[in-house]
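Student: I would like to go through this structure term by term. For each label, please give the cut-off and then the value.

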Amino acid sequence: LDGGSIPKGIVLHHANWIIRDYASEDSGADASNPTAKLRQLSELREAVEEKSDLKQRQLVQRIQEDPDLANYHRRTFGDLRHGPQWVALPPAHPARPGGRRKSR
């Protein structure tokens with residue numbers, strides 16, 4: 001998520017932006033276990049239905065600060081992205097070059 005609060009009229013929740021507690025057995029850390037996703041969707045629904053900007057911002061902040069999600073973002077859209085150059089992106093965009101996977 002690139003920042004700010006939950007977008008107005010949100011209709012999609014991307015499964016790869018789930019905060020997972022890998023230390024907990026019932027966390028939903030295994031992708032086949034929907035626990036973490038359902039918990040986060042419930043939290044999002046509550047924040048939206050309550051029209052609570054604070055709760056929405058707190059959820060976004062936790063997503064932005066999660067180190068596992070930051071690594072996922074770098075591998076998928078950032079400077080660690082594998083693949084061909086994305087010429088549609090601006091020249092200074094970190095994901096534009098593509099290439100081989102880089103060491104962390």
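Tutor: Start with burial: a residue is buried under 20% relative accessible area, exposed over 50% and partly exposed in between, with a 1.4 Å probe and protein chains only. By that rule, 24% of the 104 residues of the chain count as buried. The model is predicted, so local features need pLDDT of at least 70 and side-chain atom pairs count only at pLDDT 80 or more, while totals for chains, interfaces and linings use all residues. Residues are numbered from 1 along each chain as its sequence is written, and side-chain values use heavy atoms, with hydrogens and water left out.

Student: What makes Tyr72 buried or exposed?

Tutor: Tyr72 has a relative accessible area of 19%. The limit for buried is under 20%, so Tyr72 is buried. Its place is in helix α3, a helix being a DSSP run of H or I with at least four residues, numbered from the N terminus.

Student: Which residues make up the largest nonpolar core?

Tutor: Six residues do: Trp17, Leu44, Leu59, Ile63, Leu69 and Tyr72. The elements that give two or more residues to this core are α2 and α3. The term nonpolar core covers buried Ala, Val, Leu, Ile, Met, Phe, Trp, Tyr and Cys residues joined through side-chain atoms within 4.5 Å. Two of the members, Tyr72 and Trp17, are 55 residues apart along the chain, with their C-alpha atoms separated by 8.8 Å.

Student: Why is Lys51 called exposed?

Tutor: The relative accessible area of Lys51 is 71%. Exposed requires a value over 50%, so Lys51 is exposed. Lys51 is found in the loop between α1 (35-49) and α2.

Student: What is noted about the phi of Lys51?

Tutor: Phi of Lys51 is near 55 degrees, a positive value in a residue other than glycine. Most residues other than glycine have a negative phi.

Student: Where does Arg81 lie relative to Trp86?

Tutor: Arg81 lies over the face of Trp86, at 3.6 Å from the ring centre. A charge sits over a ring if NZ of Lys or CZ of Arg is within 6 Å of the ring centre and within 35 degrees of the ring normal.

Student: In which helix is confidence lowest, and in which is it highest?

Tutor: Confidence is pLDDT, given by the predictor for each residue from 0 to 100. The lowest mean is 84, in helix α3 (residues 67-77), and the highest is 90, in helix α2 (residues 53-65). The chain averages 77, and 71% of the residues score at least 70. Where pLDDT is low, the predicted coordinates should not be read in detail.
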